Amino acid sequence: MSTQRVSVTDAAADVIELLKKENGELVFNQSGGCCDGTAPMCYPKSDFYVPSRNIKLGVICGVEFFIDKDQFEYFKHSHITIDVKEEKGAFGNSFSLEIDLGYQFLTKSRIFTDEEYTNLVELT
Amino acid sequence: MAYTKPQYKEQFENFIGGEWVAPLSGEYFDNISPVDGEVLTRIPRSNEADVDAAVAAGMKAFETFKYSSVIERSTMLNNIADAIEAKLEDIAVAETLDNGKTVRETLAADVPLVVDHFRYFASVIRGESGDVSDLDTNTISQEVHEPLGVVAQIIPWNFPLLMAAWKIAPALAAGNAVVMKPASATPMSILIMMEAIQEVLPKGLVNIINGAGGKIGKHLSTHPDIKKVGFTGETTTGQLIMQYATENIIPSTLELGGKSPNIFMESIMDKDDEFFDKAIEGLVLFAFNSGEVCTCPSRALIQESIYEPFMKRCLERIEAISQENPLDPANKMGAQCSSTQKEKILEYIKIGKEEGAECLIGGEAYENEKYPNGFYIKPTIFKGHNKMRIFQEEIFGPVLAVTTFKTEEEALEIANDTIYGLGSGIWSRDAHQLHKFSRGIEAGRVWVNCYHLYPSHASFGGYKKSGIGRETHMMMLNSYRHTKNILTSYSKDALGFF
């Protein structure tokens, strides 16, 4: 039981640390829908009431990462890596914190191998 | 004949209180054109104090505007429409350069629809009246409408001007003042539109504040003088805005996207006629606006018996899509809105391939020889099944997921197997089928034998996780005003309790 569902690139980890310094504790929630919908949203932990039925996919850099329970149904076969892109010129219209610093977090996915899939960490 | 790229001024400002105001931080960010990847202009990076100034300007304007007559408001909205129409081409070209969509669409759809939206609300407020009930011989109940005050509107980058018009026109028609935050990816075209209308707009009635959404979005949504928040965007920020709205107990309306089914029944191929031609275009409309539409018909459900010949004809039509120069009215598809968006779409194309979907066309970036640094993707079709991620997540790009069905029941089940419910389409020559599907699909809009029409006089909005509230149509006025009940007794007699 050792395969994680979510991981983070070094570049994204650096941005998360910057955001922690500015905003204190954070929370991630994978978004869906229009515009910036396929991206993870990062908010101050005290601002976002995580819907009580959301699923915790994991923890990155000490920050909990959640996803809507219905969305999880089609994410459950994917390992996701949180990456970041420098985007000085054009960010979206979300309230995610990193865009204030000229970045945008991205969700990169790959399908679990059969071996990984049988060794997934249990959801808590 | 292609348009040439105009030289825009080096820097825009915020539009607050009818004036062009520099951001208090003194900071600006580059606005990149997706067409060529070059810097178009610089845009203010606003902070909380700029938001306060914009809300204060809105409050001041509202003090007078709340007493404006219906005739004054209607005349003003018509003047706005005329001013935009007079500069239609300039504004359309600016929209193309800001967003990347092809000018063929901005000239024929985006900007004309903006103009019509202001005219529609100018006219309906002249035609509507309140409600009076005779409760008994001596008691009269009047339902009257009053504006909310200053409203916050946060708009997306896929239709920067049209989404602005969808929100501004009803808000003003109902008597409110507006503080709007455009998407940071597409801030310029709306500022050019404001330049066109500033002479016919009372000062402070519409205020435009630019910058990233993280901090000013919160500050705006929780501002005690903001009486409503309207948002179009993704689901998680939509939830956050609803949570913020609880702070001041104000309403919020949300339009949050979709994964719209477009259903093709076998009768469309009974004849090879104009209607069949229309149905082919109906499928290819997934490429409209480079696929960056919340109602993009991004799932095509095709009856198995016609799949092969129908798809053959559709692929021929898609192969004819040109995308070299968005500034050429003959060009059929433009760029994606940002380099990030292009990367996200390519990521989904990768997921589709990994999931085992069959790529029928496209499936990669488009290398544009004219604009090698622009953000282009080839129109792409995957064939697969509805449980795949590319069938369930809104890719917001020119990527169509296709599957087949055998029976009506199966088609309806697949159509509704999504967390969203915004748009949908049903194509058939069978009237019974059209009725069954238009009532059976769980979505706020069902296009019947058509797609991607957005008339002002038809309501628009979502079921399920596609959002709350409606846009367009005169019913929208009620989401921008209070209802006050005036209950009058003409009786001289006491109730008799005390």
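This is a predicted model: local features need pLDDT of at least 70, side-chain atom pairs count only at pLDDT 80 or more; totals for chains, interfaces and linings use all residues.
Helices and strands in this tour are DSSP runs, helices of at least four residues and strands of at least two, numbered from the N terminus.

**A loop residue in chain B**

Begin by selecting B:V446, which sits in the loop that runs between α14 (431-440) and β19 (447-448) of chain B. If you display its surroundings and set aside the neighbours within four places in sequence, you will find B:V446 in contact with B:S424, B:I426, B:S438 and B:I441.

**Helices α2 and α4 of chain B**

Next, select residues 70-86 and residues 103-127 of chain B, which are helix α2 and helix α4, and look at how they pack at an angle of about 165 degrees with their axes 8 Å apart. Because angles over 145 degrees count as roughly antiparallel, α2(B) is described as roughly antiparallel to α4(B). The crossing of these two helices is left-handed. To see what touches what, show the side chains at the contact, which include B:V70, B:I71 and B:L77 on α2(B) and B:V111, B:F118 and B:I125 on α4(B). Sorted by class, the residues of this contact comprise 13 nonpolar, 2 polar and 5 charged.

**Helices α9 and α10 of chain B**

Move on to residues 274-284, helix α9, and residues 307-319, helix α10, both in chain B, where the axes come within 9 Å and cross at roughly 65 degrees. That angle makes α9(B) roughly perpendicular to α10(B), and the crossing is right-handed. Among the residues that make the contact are B:F276, B:I280 and B:L283 of α9(B), together with B:F310, B:M311 and B:C314 of α10(B). Colouring this contact by class would give 9 nonpolar and 4 charged residues, with no polar ones.

**Helices α1 and α7 of chain B**

For another helix pair, select residues 48-65 (helix α1) and residues 213-221 (helix α7) of chain B, which pack at an angle of about 35 degrees with their axes 9 Å apart. Here α1(B) passes α7(B) in a right-handed crossing, and the contact is made by B:E48, B:V51, B:D52 and B:V55 on the α1(B) side and by B:K215, B:I216, B:H219 and B:L220 on the α7(B) side. By class, 4 of these residues are nonpolar, 1 is polar and 3 are charged.

**Where chain B meets chain A**

Now bring both chains into view: 55 residues of chain B are in contact with 45 residues of chain A, and the area buried between them is about 4200 Å², with carbon and sulfur atoms giving 53% of it. On the chain B side, pick out B:E234, B:K344 and B:R389, which lose the most area to chain A and together account for 14% of what that side buries.

**One lysine, two partners**

Which residue of chain B forms a salt bridge with A:K108? Select B:E343, whose closest approach to A:K108 puts N and O atoms 3.1 Å apart; across the interface as a whole, 6 salt bridges are found. A:K108 also forms a salt bridge with A:D83, the closest N and O atoms here being 3.5 Å apart. Since A:K108 lies in strand β7 (residues 103-111) and A:D83 in strand β6 (residues 78-86) of chain A, this pair ties together parts that are 25 residues apart in sequence. To finish, widen the view to the whole structure, in which a search over all chains finds 36 salt bridges.

Technical notes:
Residues are numbered from 1 along each chain as its sequence is written. Chains are lettered from A and ligands numbered from 1 in the order in which they are written. Side-chain values use heavy atoms; hydrogens and water are left out. Axes are lines fitted to C-alpha atoms, for helices over the stretch in contact, and angles run from 0 to 180 degrees between N-to-C directions. Angles under 35 degrees count as roughly parallel, over 145 as roughly antiparallel, 65 to 115 as roughly perpendicular and the rest as oblique. A crossing is left-handed if the near helix is turned anticlockwise from the far one by less than a right angle, and right-handed if clockwise. Contact means heavy atoms within 4.5 Å. Ala, Val, Leu, Ile, Met, Phe, Trp, Tyr, Cys and Pro count as nonpolar, Asp, Glu, Lys and Arg as charged, and the others, Gly among them, as polar. Buried area is the accessible area (1.4 Å probe) that two parts lose on being put together, summed over both. A salt bridge is a side-chain nitrogen of Lys or Arg within 4 Å of a carboxyl oxygen of Asp or Glu.
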